[in-house]
Amino acid sequence: MAKTSYIPASVEKLTIMNEPQHWSVAEDDLLVRTQSETDFWLKTHYGFEVMNGHVFYETTETDFAAEVSLSMTPRSTYDQAGLFVIVSENCWLKTSLEYIPDGPSHLGAVVTNHGYSDWSTQNYDNAHVLKPLAFRIERKQGDYTVLAKTLRNPDEWEQIRIAHLHEDFDAAPVKVGIYCCSPTQDGGFETRFHSFSIEKR
């Protein structure tokens, strides 16, 4: 098993999808500021299709465990940051904290198969949204386990979701990375990514 850490020393090894106007490496963190009206969502319930959020990713054909730790300063509804996996434009998943100004915010995952997204959530107290948290995604033969580590349970990974990506077969190459976006017109916030690693298996 080989584990690669990308922040701060190896950010240049990551490919950027939908590059934001403002990002930098500072104080051993990767700082990314989102642009407004950016998101990842396809069809379901809302009817729109958006694939323009900001992602810093690596491509792998092996099973893996990817982890990120981050801090957010969200401002607008659905400001979000976390981990992202994409097999194709119609087959991907993301996990993040999504901010709701009036609270509670959401800790959850979006899984997209055959071009349709679904969204599973659990409430997250707004008193904690500015505090560090971590996400982990484990890939095993097309199946994905999504976990989070928060202040309410800081010593253990809490399972959020188990899902299958239907286009992930025969060791398909997948893109795995860190992401953030701001779906609203008045969006735009900063995420401080403290660490990002991929352990290939």
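**Exercise 1.** Find how much space lies in the largest pocket, and what lines it.

*Solution.* Start with the volume: the largest pocket holds about 210 Å³ of space. Here a pocket is an open set of points on a 1 Å grid over the protein atoms alone where a 1.4 Å probe fits, with protein on both sides within 12 Å along at least five of seven lines, and lining residues have an atom within 4 Å of a point. Next, the lining: it has 15 residues, and Asp39, Tyr46, Phe48, Tyr78 and Pro183 lie nearest the centre. Two or more lining residues come from each of β5 (40-42) and β10 (91-98). Strands are DSSP runs (E, at least two residues), numbered from the N terminus.

A note before we go on: this is a predicted model, in which local features need pLDDT of at least 70 and side-chain atom pairs pLDDT 80 or more, while totals for chains, interfaces and linings use all residues. Residues are numbered from 1 along each chain as its sequence is written, and side-chain values use heavy atoms, without hydrogens and water.

**Exercise 2.** Work out the strand order of the open sheet and which strands stand at its edges.

*Solution.* The 7 strands run β2-β7-β16-β9-β10-β11-β12, with antiparallel pairing (at least two DSSP bridges between strands). β2 (15-17) and β12 (116-124) are at the edges; each has a single partner strand, so one side of each lacks a neighbour in the sheet.

Technical notes. Grid points are joined across faces, edges and corners, and a volume is the space filled by probe spheres set on the points. Helices (H or I, at least four residues) and strands (E, at least two) are DSSP runs, numbered from the N terminus.
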